[in-house]
Amino acid sequence: MNYFPDEVLEHVFDFVASHRDRNAVSLVCRLWHRVERLSRQRVFVGNCYALSPQILIARFPGLKSLTLKGKPHFADFNLVPHDWGGYVQPWIEALSNSRIGLEELRLKRMVVSDESLELLSRSFANFKSLVLVSCEGFTTVGLAAIAANCRFLRELDLQENEIDDHSGHWLSCFPDSCTSLISLNFACLKGEINLAALERLVARSPNLRSLRLNRAVPLETLQNILMRAPQLVDLGTGSYVHDPDSETYNKLKHTILKCKSIRNLSGFLEVAPRCLPAIYPICLNLTSLNLSYAAGIHGSELVKLIRHCAKLQRLWILDCIGDKGLEVVASTCKELQELRVFPSDPFGVGHAAVTENGLVAISVGCPKLHSLLYFCQQMTNAALIAVAKNCPNFIRFRLCILDPTKPDPVTMQPLDNGFGAIVQSCKRLRRLSLSGLLTDWVFLYIGMYAEQLEMLSVAFAGDSDKGMLYVLNGCKKLRKLEIRDSPFGNKALLTDVGKYETMRSLWMSSCEVTLGGCKTLAKEMPRLNVEIINEHDQMEIGSDEQRVEKMYLYRTLVGPRKDAPEFVWTL
Amino acid sequence: MESKVAYDNELNLIKATELRLGLPGTDDREEQALFSARNNKRPLPDTSKECGSKKNSDARHVDNETAPPAKAQIVGWPPIRSYRKNNLQPKKSDQAEAAGIYLKVSMDGAPYLRKIDLGIYKGYPELLKALESMFKFTIGEYSEREGYKGSEYAPTYEDKDGDWMLVGDVPWDMFMSSCKRLRIMKGSEARGLGCGV
């Protein structure tokens, strides 16, 4: 390979797209490392504290697209205190002071301030794409800066962020000269929107393919927008409420017939079910449908709608669809690959929303299913075994029984066998979330069979350290392990400390690990940050026998972080 | 059922060659699993206060109360993003939700408009009283034949079709769902609206 000039190598590497493959390429030899890093444009950083912006900039001077993730996954469920960290500001500052021509920034679970957004908007002339998922800390003022200053903006995608809404003016900040928008998603904004500005923006964006509106956009505006943008591929409606006998609704029915390209549909944040028939014509061609926020569509209307969606590959719904509704999905959506069923009443008791029967029906009717998130009232081993047999292609399998330690209600057994069947049958399984009554046996099975497993979520499961050890020993490709309320202690933590350098991170909360155990680990593994989150007893340096409430450890090149708050203690 | 049998057979194979949880000689896995589940299982936060002793493979501690109380809310469970939890609307919510139907109200001759929340009024009398006090005027008496008699003013509203209608003609619920904005007309215009149907 030394006989090829660099340009040839670079050209070959152009065909190597995935991050992992490029990472592998860069490990072959120094020459390849150099050529690869100089030609790399897209970089993925799974943990923003694993390295520093300076390291990133030094290694990849050609960086155009950066993906950064901040808080640990369990932060989604309020297990991580508010000011834990994950600030994007230092990254934007460093990039802005460098010669990097950033064009795309994708952030997940990070704290983003208006100041950061303003700096971002002014620093990169060619900035094209901003995607924020589950972030917080900014307001519509920051959005206004992005709209006003990013002259070639193509994509502004805000997914499930907590945004302080100060006014709907930010939309008006897109200059008249901005005609480059391809994708705009502001569904998570709670406040009012300047409707006229929105319509004008859509009218001057001929390349617009994806548009997701928020609750404040009424049906009349939707009608006007669809008139101007029949080329949309991805649509998220805002408020879908109107009098079905009105002229506006009739106009909508006709306009929708012209929108032959829509393949993704979502929204319905408010909905008048009698207006749903207008969308039946586009249901035929839908490949992706997200009704998980459409609490206003009840069981029977939901089912009626789904009967039209024969080509669906991805479906996100609420559990009010019921087992019977899932049977309809199973008989209609033969191409289904991904299903997510969310609880419509998470703290309710005993509403028979969905059970194991719905899941089994799906597995029978949809053999292509590879991705599942299923919140249910109960699950049985027999059902899981059947699902494993019918759908051997699972890549992601996340089950959440609302009562977290519920056994198989028919046999009163733990669900070890059921999950065991899943991991044994689904050889390509990469992500698994467990729930229900579970003993150490399920971990034995996971360690034995889940060879491709990269991420495991455990809650209220297991009996002893052996459980965790089975997993750490057996799952060679494990990258993320998150455990809560399970009886794993120091022995499990300390038996194979080298393992953690092969992983991105480990989270353990309400387990049996003690301060002493964590200290030992930190001492033996200097290239890990072992963080103790101690919310209640501020820095009370208790005895080593004291149990640690929350521990988060991750490998890092840059040692303890300097922005850790008082209640986070890096050992 | 066949798959279960096949699976059980495999399980026996596993049992023969693999690590065991219990002492050598103990055989029944299922009994053991149940036993461990009931006694070694870490109690949920609510019940942990009662079972003060540390659980280990300690058979002495038999506590049948380890099943979680049905309604107990555990932090971070079920694992749903806070954003999603906060956006779940209550089931069976009405269309014209009481949580804020803000409408603009204009008054002929007034320099600026006001906004009211229609949802807080239970009927026409309350609404009209509120308007009277907001703009300091009196509305006459309503009659189907003659509209609002005895005053210069007439309360009107723009409905979903864009037409200006007299407030009070239709049932309150229908009014709530079709009203888009209010206008208090004055003088000759007002009288014109009152005459004829």
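Helices and strands are taken here as DSSP runs, a helix (H or I) having at least four residues and a strand (E) at least two. On this basis, residues 61-107 of chain A are 17% helix and 19% strand. An unreviewed UniProt entry annotates residues 61-107 of chain A as "domain: Transport inhibitor response". The model examined is a predicted one.

Residues 4-41 of chain A are 68% helix and 0% strand, and the end C-alpha atoms of the span are separated by 22 Å. Within chain A, a salt bridge joins the side chains of A:Asp6 and A:Arg34, with an N to O distance of 3.3 Å. This pair connects distant parts of the chain, since A:Asp6 belongs to helix α1 (residues 6-14) of chain A and A:Arg34 to helix α3 of chain A, 28 residues apart. In general, side chains of opposite charge can pair when their charged atoms come close. Over all chains, the salt-bridge count comes to 28.

The domain assignment divides chain A into domain 1, residues 1-40, and domain 2, residues 42-208. Taken over C-alpha atoms, the centres of domain 1 of chain A and domain 2 of chain A are 30 Å apart. Contact between the two involves seven residues of domain 1 of chain A and nine residues of domain 2 of chain A. Together, domain 1 of chain A and domain 2 of chain A bury about 700 Å² between them, with 51% of this area on carbon and sulfur atoms. On the side of domain 1 of chain A, the residues that lose the most area to domain 2 of chain A are A:His19, A:Arg37 and A:Arg40, which together account for 79% of what that side buries.

Three residue pairs are in polar contact between domain 1 of chain A and domain 2 of chain A, counting pairs with both residues at pLDDT 80 or more. Across the same interface of domain 1 of chain A and domain 2 of chain A, zero salt bridges are found. Helix α3 (residues 30-39) of chain A supplies four residues, the largest share of the side of domain 1 of chain A that touches domain 2 of chain A. By residue class, that side of domain 1 of chain A comprises one nonpolar, three polar and three charged residues.

Note on methods
Residues are numbered from 1 along each chain as its sequence is written. Chains are lettered from A and ligands numbered from 1 in the order in which they are written. This is a predicted model: local features need pLDDT of at least 70, side-chain atom pairs count only at pLDDT 80 or more; totals for chains, interfaces and linings use all residues. Side-chain values use heavy atoms; hydrogens and water are left out. Domain bounds come from an automatic or database domain assignment. Contact means heavy atoms within 4.5 Å. Buried area is the accessible area (1.4 Å probe) that two parts lose on being put together, summed over both. A salt bridge is a side-chain nitrogen of Lys or Arg within 4 Å of a carboxyl oxygen of Asp or Glu. A polar contact is a pair of N or O atoms within 3.5 Å; within protein, one must be able to donate a hydrogen and the other to accept it, and residues adjacent in sequence count only if both atoms are side-chain atoms. Ala, Val, Leu, Ile, Met, Phe, Trp, Tyr, Cys and Pro count as nonpolar, Asp, Glu, Lys and Arg as charged, and the others, Gly among them, as polar. UniProt positions are given in the numbering used here, feature names are shortened, and annotations may be inferred rather than shown by experiment.
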